[in-house]
Amino acid sequence: MLEFLSANLATILISLVLIAIVTAIIISMVKNRKKGKSNCGCNCAHCAMAGSCHNRQQ
């Protein structure tokens, strides 16, 4: 087992870092969604779904 870990240490560390980054992004998106913020960039002028994606503020 120790031999496997030492042979694959770089792969394991990089995988853990990538998992942490993806988890942080997902948590950030969920928090923004709960606050009512959008994650799409909000350039709805050229979007085919502009009418159904966001409520227009009047």
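Reader: Before anything else, what counts as a helix or a strand here?

Author: Helices, of at least four residues, and strands, of at least two, are DSSP runs numbered from the N terminus. In this predicted model, the protein chain has 3 helices and 0 strands.

Reader: And what pattern does the chain follow along the sequence?

Author: The protein chain reads α-α-α.

Reader: How confident is the prediction, on average?

Author: The average pLDDT of the protein chain is 82, and 69% of the residues score at least 70.

Reader: Where is confidence highest, and where is it lowest?

Author: Confidence is highest in α2, with a mean of 94. Helix α3, residues 50-53, has the lowest, with a mean of 67.

Reader: Let us stay with α2. How many residues does it have, and what should they span?

Author: Helix α2 has 27 residues, which should span 39 Å at 1.5 Å a residue. The C-alpha atoms at the ends of α2 are 39 Å apart, so the two values agree.

Reader: Which residues make the nonpolar surface patch?

Author: The patch is made by M1, L2, F4, L5, L9, I12, L13, L16 and I19, and covers about 950 Å².

Reader: Which helices supply those residues?

Author: Helix α1 (2-7) and helix α2 (9-35) each supply at least two residues of the patch. The largest share, 5 residues, comes from α2.

Reader: Take L2 as an example. Where does it lie, and is L2 buried or exposed?

Author: L2 lies in helix α1. Its relative accessibility is 68%, and the cut-off for exposed is over 50%. L2 therefore counts as exposed.

Methods
Residues are numbered from 1 along each chain as its sequence is written. This is a predicted model: local features need pLDDT of at least 70, side-chain atom pairs count only at pLDDT 80 or more; totals for chains, interfaces and linings use all residues. Side-chain values use heavy atoms; hydrogens and water are left out. Patches are made of residues with over 30% relative accessible area and no salt bridge: like charges are joined within 9 Å, nonpolar side chains (Val, Leu, Ile, Met, Phe, Trp, Tyr) within 5 Å. Accessible areas come from the Shrake-Rupley method with a 1.4 Å probe; for residues, only the protein chains shown count as cover. A salt bridge is a side-chain nitrogen of Lys or Arg within 4 Å of a carboxyl oxygen of Asp or Glu. Buried means under 20% relative accessible area, exposed over 50%, partly exposed in between (1.4 Å probe, protein chains only). The expected span of a helix is 1.5 Å times one less than its number of residues. pLDDT is the predictor's confidence in each residue, from 0 to 100.
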